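Here is a short report on charged side-chain pairs. Please look over the sequence and the model first.

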Amino acid sequence: MKITVLCNDKGLEGFKSEHGISFFIELNGKKFLFDTGSTDVAVKNAEKLGIDLSEVESIIISHGHYDHLGGLGSVLKKTGAKKVMVGEGCLERKFSGSTESSPGGCGSEYEQLGASIETVRASREITNGLHVMTAAPFVTEERPGDKHNRIKGGTRIRGFFEDELSLAVVQNGVVTVITGCSHRGIGNIVKQASGFGKVKNVVGGLHLLHKTEDELEEIFEYLLGFDIDKFHIGHCTGDKVVKKIAERFPAEVLELMAGDSFEFHG
């Protein structure tokens, strides 16, 4: 499997960056896009890399925040008609405190650009070895912050990121976890993915930026039990936390950079 970072908060020299994430995934001769960033940065970086986004089988959206869903319109203008997989409630309006965190688009707008929207209500295998996982069950103490809200049926309620999708890629019994923000908790997501085999690689945003030292220690202690080999992390993880993980874990820890790519062979 090869993963190319099309969007991240930091990038290699010559590549655009923004607050957001987008991965171009190549697996067993098939291509997928996981998240789309905030604007058209993923599209522009794909063009620079010579990646033809029209070749993707489908687009998977981790959750309905602007930094993951906001670039979908720009992507669809390049890809043409594509299946877009979302979690239940992904397209509902969302808020972080008083600030709207959803991009403002709606399903009909994306459909006009060629999106065939599929709501994923249960975890399943998309293609051989690639599993889309619905919202991870809460098995640790990690929870989304109480500032997150969503509009459901005209009423504003606390959001627990019930729409969050993550990926588990299984190669010869070895699992690579791919996340957008890990709002449901990276420990919970890794535990969920461990049902497919030994989790050895973690890729994406871990949303640990605002955790306390005690919370980080509890999360680290839990993750250490999985004996993870590689972390390719960035976006909402936090620069200081990336360094802490590199110090705390006997693993290879690399910071995500837009324009970069890496491979896992199981």
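What follows covers the salt bridges of this chain.

This is a predicted model, in which local features need pLDDT of at least 70, side-chain atom pairs count only at pLDDT 80 or more, and totals for chains, interfaces and linings use all residues. Residues are numbered from 1 along each chain as its sequence is written, and side-chain values use heavy atoms, with hydrogens and water left out.

The count comes to 19 salt bridges (a side-chain nitrogen of Lys or Arg within 4 Å of a carboxyl oxygen of Asp or Glu).

| Pair | N to O distance |
|---|---|
| D239 and K10 | 3.2 Å |
| K152 and E92 | 4.0 Å |
| R124 and E118 | 2.6 Å |

Take D239 and K10, joined by a salt bridge. D239 sits in helix α7 (residues 239-248) and K10 in the loop between β1 (2-7) and β2 (22-27), so the contact ties together parts 229 residues apart in sequence. Helices (H or I, at least four residues) and strands (E, at least two) are DSSP runs, numbered from the N terminus.

D239 is partly exposed at 42% relative accessible area. K10 is partly exposed too, at 29%. Here buried means under 20%, exposed over 50%, and partly exposed in between (1.4 Å probe, protein chains only).

K152 and E92 form another salt bridge. This pair also links distant parts of the chain: K152 belongs to strand β11 (residues 148-152), E92 to the loop between β5 (82-87) and β6 (94-96), 60 residues apart. K152 is partly exposed, at 44%.

R124 pairs with E118. R124 is partly exposed at 31%, and E118 is partly exposed at 22%.
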